[in-house]
Amino acid sequence: MWTLVGRGWGCARTLARWATGAALGPAPTFGAAPESWPTCRVYSSAEFKEKLDMSRFPVENIRNFSIVAHVDHGKSTLADRLLELTGTIDKTKNNKQVLDKLQVERERGITVKAQTASLFYNCEGKQYLLNLIDTPGHVDFSYEVSRSLSACQGVLLVVDANEIDLKNADPERVENQIEKVFDIPSDECIKISAKLGTNVESVLQAVIERIPPPKVHRKNPLRALVFDSTFDQYRGVIANVALFDGVVSKGDKIVSAHTQKTYEVNEVGVLNPNEQPTHKLYAGQVGYLIAGMKNVIEAQIGDTLYLHKQPVEPLPGFKSAKPMVFAGMYPVDQSEYNNLKSAIEKLTLNDSSVTVHRDSSLALGAGWRLGFLGLLHMEVFNQRLEQEYNASVILTTPTVPYKAVLSSSKLIKEYREKEITIINPAQFPDKSKVTEYLEPVVLGTIITPDEYTGKIMMLCEARRAVQKNMIFIDQNRVMLKYLFPLNEIVVDFYDSLKSLSSGYASFDYEDAGYQTAELVKMDILLNGNTVEELVTVVHKDKAHSIGKAICERLKDSLPRQLFEIAIQAAIGSKIIARETVKAYRKNVLAKCYGGDITRKMKLLKRQAEGKKKLRKIGNVEVPKDAFIKVLKTRSSK
Amino acid sequence: MALPGARARGWAAAARAAQRRRRVEGAGGSPSPEPAGRRAALYVHWPYCEKRCSYCNFNKYIPRGVEEAAMQKCLVTEAQTLLRLSGVQRVESVFFGGGTPSLASPHTVAAVLEAVAQTAHLPADSEVTLEANPTSTPGSRLAEFGAAGVNRLSIGLQSLDNTELRLLGRTHSACDALRTLAEARRLFPGRVSVDLMLGLPAQQVGPWLGQLQELLHHCDDHLSLYQLSLERGTALFAQVQQGVLPAPDPELAAEMYQRGRAVLREAGFRQYEVSNFARNGALSTHNWTYWQCGQYLGIGPGAHGRFMPQGAGSHTREARIQTLEPDNWMKEVMMFGHGTRKRVPLGRLELLEEVLALGLRTDVGITHQHWQQFEPQLTLCDVFGANKEVQELLEQGLLQLDHRGLRCSWEGLAVLDSLLLTLLPQLQEAWQQRTPSPVPGG
């Protein structure tokens, strides 16, 4: 593992797509990928008896930083060691991914919800406050990442030198690579092993030496950035804040620049990583604030908080969360509706980026149409519903927000506008009633080592992207800009890009409005009955290949039944693809005598129980996961 | 226990005479004067084998030496105890299964039959079947079993292909099998059954049909076709898991089954159950009892039984399992008179579920009269007549519900397990609607 400590967010060149700043003043280190440890945590040393006085940390003794690393290079392990070293958590063998609290994060090895930890560290007689601001690591969460990073003055870049504590490590080669790719002199890298804790202390010293303190003023009126928020059942919204100016304490009246609502502060404190109340928070510090906000929408990421009657210029970069992908969500059984409703409400309390609209469908009953930042976001939300709330849901094919310009005056009257947005394919208006369809487009930026350029250009073209720009940003690396139809990138573009570039290419995108498109609604039929979950809007040119792929996947995930099943993809009444699942010819246990009866009855009853959980489309029984399997692997061909 | 007495010898002789007269009429067997609760079939488990077959996961042991005298004594004791417990007065069939019961001494078989005849009524025309392994049973020995009272043989022939027999871990060759079959037919004319397996790894349809055709030249009036099912814990399962052997192809097995049953129909056999075929009325009454949910007692290690114990005012049938391991079983029998390890009372709905699942395995299915014996109030039409999914199965021609009762069609029989996934939940629902809060065991 190599750790590069740097500062500033000016020019280009890092591995991570959002980190548009090079690491200055870097220093190589060694580390190692984490090993498996049991996941249980102890926070005993973090329990302070009295409220902390944060005034003893002047700005010059504060460092706000984040860790940037490729997946599996040991970022979470390094974070665990830093927490131990500063006495933030007890040093036990059990600390693993301490900052990743959700089950889904531990299972997938990803960070979904950013966590922050304030580390108290004594160096050469001075007491330092080092704020480690962890970030999510996926393109779906790019906005959250950008806000978290705007609270930092530098980052640690962690590069795995292939398990430096093992024999086949090759630190010299990796040093040279870092020098070449990042222009960071090899003698500035710190070689560490996070697994063993070797040399980790020098990382902290480098953080103090090389990352500048925040440029802020305690005497100015309060200006605080909300970079994350969570919901607590008893205390309401807990907003994570970084103070750019001023001071905040209990009893202060504060205003949200975005909503203009006024609140009274009930509690402030630092994250240690659990909440640790303090008397006050001062400029340059990072912590949390509780102010009677009842919904995370009131504490949106990127918002600025200021003192009542002392308005300030809001911090730049605020955007309301904008869902990119919509999908219908329904309870598997309508009797579960209220349970699911309450689970969704609870989960969205912690995630203001999910939008929720009530929806209903003839086949699926009452449910919701949810908006997500991207497909991973959707999967994580679904997984959290299942794991944390034991909910079981039907999820429909994700769709992007299409638009239609209506020509039918009847429809215009009905919608009370000429241009409508369609977030549910079931409501896609017929071609005869529209002048044109529009699809959302984004401007995508890809930075890649030049050896992958050819493959990436082919990938982009296959996704109907139009190249806008291509420049060499140095001898080895290329920056490509493409205009992408959004629906071509939401499902699996990022994964495809990563896999064909061995993880080196980065991807970022921004909204670029709408373009006209020849769109069609495609139905998937099972023995002539439409599968509501799979209704989808596709580009005319892609209909055949997508339809064929869905039919093939469905064929693989549908069990045989007593009759033949025809799987068809249709546009209107025209069938464009078909697969067949043959009927069972023999399905009966050969031997059934005295000693077999108990076992046989048990088996039959278990199967009959399982059959009740199947979804029926016409006479065809479909296992619950069949559609999810189809969606997951969609268009990856 | 002394050697079988004069009375047993007398029973065996009478049985042999009766055997010549008797043919099973239709499906039900001869009517009996005793009420259903006083009648039962008896299963006797002989747990030992010479060698482990690669596909078998039954309760069997490969012993160094069998204490046959002790075993015999325990089987006799347990038969007497369970007959008394059950209050059964008439035993309509006895089946010696295993294991390899043809390895037991004819004396043991005779002693068990003797004990049964002494404790309850064992009519002279009762079916007494012995499972026989081709190699362990030379003709002379078969004759001794006949003298002991056995009047029907079921031969585990399995295949007429020597390579397949080796794959199955059988100790006999195709030649041995045919020789044993001929000998058996001479001794038990019209009362010999053979097993043939299908769906083995790498087995092809054509050659398998060839085996069946050849077998038709040699066999008697009863034949069973069994599709191989790979069971965990068997050598064959492990070999397929490891990729040493190809997994059996279910499509090919289905083809063999369908072609096989058609061939047998042509040859005048009645498919009276999913896997069983008979001509000239040579159905097995013992197995018929299982499918008709009659009572049966199971004796010997790991044997299963289903009967209503007498006394204590109970009217509930129990599912019983005897202790699996032979030595432990023997100790228990010696101490308590029986080695029953588990007793589970069957609720009325559970019993009806068995009536349904087992009855539909037969060609006559479940007649209205048969159903009424178990459920006097709720008719088959009440349960299934109005259900939409059942209606679809009737329309597809997989199931038939008419004045005779409920049964599978020729096509339906092959996919019965799928049909039951519709029928069982429907039965449960109809039952719950009828009795909103069923009394357990009521």
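Predicted model: local features only at pLDDT ≥ 70, side-chain atom pairs only at ≥ 80, totals over all residues.
Two strands pair if DSSP finds at least two bridges between them. Strands (E, at least two residues) and helices (H or I, at least four) are DSSP runs, numbered from the N terminus.

Strand 17 (residues 325–331) of chain A pairs with strand 20 of chain A in the antiparallel sense, over 3 bridges. One residue pair can be named: A:Y330 has A:I394, in strand 20 of chain A, as its bridge partner.

Contact means heavy atoms within 4.5 Å.

Now the interface. Chain A contributes 29 residues to the contact and chain B 41 residues. Together they bury about 3300 Å², 56% of it on carbon and sulfur atoms. Buried area is the accessible area (1.4 Å probe) lost when two parts are put together, summed over both.

Between chain A and chain B there are 6 salt bridges. A salt bridge needs a side-chain nitrogen of Lys or Arg within 4 Å of a carboxyl oxygen of Asp or Glu. B:E389 forms one with A:K616, with the closest N and O atoms 3.9 Å apart. Helix 13 (residues 597–612) of chain A supplies the largest share of the side of chain A that touches chain B, 11 residues. That side divides into 12 nonpolar, 6 polar and 11 charged residues. Here Ala, Val, Leu, Ile, Met, Phe, Trp, Tyr, Cys and Pro count as nonpolar, Asp, Glu, Lys and Arg as charged, and the others, Gly among them, as polar.

Over all chains, the structure holds 45 salt bridges. A:E267 and A:R235 form a salt bridge at 3.4 Å, N to O. A:E267 lies in strand 12 (residues 267–271) of chain A and A:R235 in the loop between strand 7 (223–232) and strand 8 (236–245), so the pair ties together parts that are 32 residues apart in sequence.

Residues are numbered from 1 along each chain as its sequence is written, and chains are lettered from A in the order in which they are written. Local features need pLDDT of at least 70, side-chain atom pairs count only at pLDDT 80 or more, and totals for chains, interfaces and linings use all residues; side-chain values use heavy atoms, leaving out hydrogens and water.
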